[in-house]
Amino acid sequence: MLTLILLLLAVAGLLEVMRREAGALPALGVLAVLGLIGLITGATVTSIWLLLGAAGIAAVGLPALRIRWLSPRLFAVFKKVAPRVSDTERTALEAGTVAWDGELFSGRPRWDRLLGVEDTGLSQEEQAFLDTQCSVAAGMCNTWEIAKERADLPQELWDYLKREGFFGMIIPKQYGGLGFSAKAQSLVLQKLSVSETLMVTVGVPNSLGPGELLLKYGTQAQKDHYLPRLADGREIPCFGLTGPRAGSDATSLPDTGVVCRQMIDGEEVLGLRLNFEKRWITLAPIATVIGLAFRLFDPEHLLGDEEDRGITLALIPRDTQGMEIGRRHHPIGSPFLNGPIKGHDLFVPLSTIIGGNEMIGQGWRMLVECLSIGRCITLPSGATGTARYAVGWSGGFARIRRQFNVPVAEMEGIQEPLARMSALAYIARSAVYQTANTIDHGEKPAVPSAILKSQLTEFQRLILSDAMDIHGGKAVTLGPRNYLGIGYSANPVAITVEGANIMTRNLMIFGQGAIRCHPYVLEELAAKDADNLESFDHAFFAHAGLVFGNAARALTQGLGLGRPSTPFDTVAAPYARDVARLSAGFGLCADAAMASLGSSLKQREMLSARLGDVLSNLYLVSMTLKGWQEGDQVEGEAALLHYGCTYLLERAEQAFDEVFDNLPNRALGRLLRVLVMPTGRRWKRPHDDLAREIAQAVSRDTALRRYLLDVTWQQNDGSRDNPLAHYNALLATQERAEALYRTVNKAHAKGEIPAQALHPEQRVEAALAKGLISEEDAVFMREREAEVLELLSVDDFDYDAFATDKANILRHNAA
């Protein structure tokens, strides 16, 4: 019995030391003390084993001892098996900063670090712009007109965007720009997402492109010349990176620049001769200044000894001789301006290099650093804005669309996708806003940018699919009345551009995060490169302590022991505790995958993707919790929080399951399952009761619906009609209408009004004639049904309207 007690105390003590990552001395002390107790009490054999364990910990865990015999051997092995980090990968790894993503990798997230990022909201100027200028711009859009009749924005809208500074949101006021925060920029794009073309047109110049590159790297002369002209729209920028043979692998650019001399106006000028072919370049057809990425060579050594100078960026005027520009691509579902650019033997002076000669060869670093911010804002904001509008339209449509004498919003087949859409919109809202807020505090979130871009555009894909299902024939019939179908067909653009989601999920999120965000891996690799044994010893054994700590935390928290404290209220705290639990499991699995697979983990893309899925879902839960903690918590919002967090945590556990099942080392997979999920999976899909509650709220005029539709164009004050304003107006009088529907439908069922009164309008008139409703009620219902019928109607066209070549039309019924 005494032996069992000593062993249990040893296990408990070591687990506590490991859980706290207290180090070798406390562990040594636990075993030594228990060993001495065993000797005193007569448990000799057990005490010997305990004391031997203490000696082993001392030999391995005490720096003064291990560095004499163990660390040199481990260092030699590490140098052989550690993956080689290429210059390209190193540049990507060193770009950006690490914030909450690093906390999740650590397995012991400190919530105070997340909640300590203060949100000061928008300035008065930013809020006024969002309320006024954005509403005016949105009011100039009709999706059908832009996509099918113009293949462009209206001229008056282009003029307005330039005049009001939409293209200069990121440019400081000293250069004539708006100088907006990242949060304001994100919210502007969300509101403009009523039109996908409008959002892209405004978003791209404020994302990765000449403006941002000039701000961070441009010479003073370049800034003084270009930034004011970009801010007021005199210059329209584009950026040429991708081409026929260089897409996701942008470092394999085949486009070249060769340093040479050329006579210009009788003077010899040192410059570059460029040859390039770019495709899929947004705004290229109308751009006046082109940012260009190319590989620079100096075969005559006019700049120095190196011949291959690396990827370099330049800014080139449109009218430069040799530039071929102006043709258009046809992006699926959307006519946003996009096209190819070509250049043959195009000569420009060295002064066109962004940042001047000092930035020659720094192009890849420049692009990666800028991308970490741009990818956090433009497409995630567009996806979030689309989600807001889709929820607003779908909730309104589901309430006014009646089948079997009830609104389809009362049918569970509609409630399920409507609730899912609302929860995903809620998650996206918090994730993009909270991440933008970290940017305003100086962060350059490289890994979160990949999470937001891939996850929120995938949310957008699901939300639009659900919205199409809810709308049915209303959405699949294109025309001026269809506010949904064209955006749905354009969704693959968001999935594909700025790093295709397949690549981002499989290679970037975990592949970059495993080294960049891990507390010790980057330090270990640096020690290897510097051949520094002491640095390696410190990093490696701290890393080992982290592994044991995560194993202990995952196991004990999985068993319900040692629950971490959180600063959240009772509604949110259970989710925060499970984020901490799964974060420990994630950190453990990440280290296990890297240790067991080594450099081959790069090729195990499906495993990398699933580990990335765990990280992505934990990040999104964290942002959702922060949004809850700092928000006003309107009536009904708790249901969205429960649905959203449950949805994300269930996905995280599913990803864990797939990691355990697919690790090549099956014994390791089984061990990890026991440590991370000792009692099995905790989370299931959100309960049906939550779906019913949410769907009811977003299809009525409620505080929750108004909260979700914040930062959307809801006024009917533009030059184009606003369906969302009509839905909101109808929902505001829904209770009165429902009572009247019940009255007239009940009368019809009882035979009190004629059986042939099949249309709602006919029943209203018959009920009025019978004195069942008042004249005032009849007037209300006439006006309402006219509005409802208009919103339910779809467009039709002349027989030959869609043929671009009328000569090919078949006249089937010509006679």
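**Ring pairs and salt bridges in a predicted model**

Student: Which residues do ring pairs link into a cluster here?

Tutor: Ring pairs link Phe-75, Phe-78, Phe-536, Phe-540 and Phe-541 into a cluster, and please keep in mind throughout that this is a predicted model.

Student: And how many aromatic pairs does the structure hold?

Tutor: The structure holds 21 aromatic pairs. One of them is formed by Tyr-483 and Tyr-727, whose ring centres are 6.2 Å apart and whose planes stand at 90°, so this pair is edge-to-face.

Student: Where do Tyr-483 and Tyr-727 sit in the chain?

Tutor: Tyr-483 is in the loop between helix 20 (473-476) and helix 21 (485-496), while Tyr-727 is in helix 31 (residues 723-732), so that the pair links distant parts of the chain, 244 residues apart.

Student: Are Tyr-483 and Tyr-727 buried or exposed?

Tutor: Both Tyr-483 and Tyr-727 are buried.

Student: OK, what about Phe-797 and Phe-802, why is that pair edge-to-face?

Tutor: The ring centres of Phe-797 and Phe-802 are 5.3 Å apart and the planes are at 65°, so the pair counts as edge-to-face, the cut-off for that class being over 60 degrees.

Student: Switching topic, which rings does an arginine lie over?

Tutor: Arg-402 lies over the face of Tyr-741, at 3.9 Å from the ring centre, and Arg-736 lies over the face of Phe-780, at 4.2 Å from the ring centre.

Student: And salt bridges, how many does the structure hold?

Tutor: The structure holds 43 salt bridges. Among them is the one in which the side chains of Arg-66 and Asp-537 meet, at 2.8 Å from N to O.

Student: What does Glu-412 meet in a salt bridge?

Tutor: The side chain of Glu-412 meets that of Arg-692, with 2.7 Å from N to O. This pair, too, links distant parts of the chain, since Glu-412 is in helix 18 (residues 412-440) and Arg-692 in helix 29 (residues 688-698), 280 residues apart. Glu-412 is partly exposed, with a relative accessible area of 47%, and Arg-692 is likewise partly exposed, with 29%.

Student: And what does Arg-429 form a salt bridge with?

Tutor: Arg-429 forms a salt bridge with Asp-710, in which the closest N and O atoms are 3.9 Å apart. Because Arg-429 lies in helix 18 and Asp-710 in the loop between helix 30 (703-708) and helix 31, the pair ties together parts that are 281 residues apart in sequence.

Student: Last one, which residues do salt bridges that share partners join into one network?

Tutor: That network is made up of Glu-650, Asp-657, Asp-661, Arg-673 and Arg-681, which are joined by salt bridges that share partners.

Key
Residues numbered from 1 in each chain as written. Predicted model: local features only at pLDDT ≥ 70, side-chain atom pairs only at ≥ 80, totals over all residues. Heavy atoms only, no water. Phe/Tyr/Trp six-rings, centres within 6.5 Å; stacked < 30°, edge-to-face > 60°. Helix = DSSP H or I, 4+ residues; strand = E, 2+ residues; numbered from the N terminus. Buried < 20%, exposed > 50% of the residue type's maximum accessible area, 1.4 Å probe, protein only. Lys NZ or Arg CZ within 6 Å of the ring centre and 35° of its normal. Salt bridge = Lys/Arg side-chain N within 4 Å of Asp/Glu carboxyl O.
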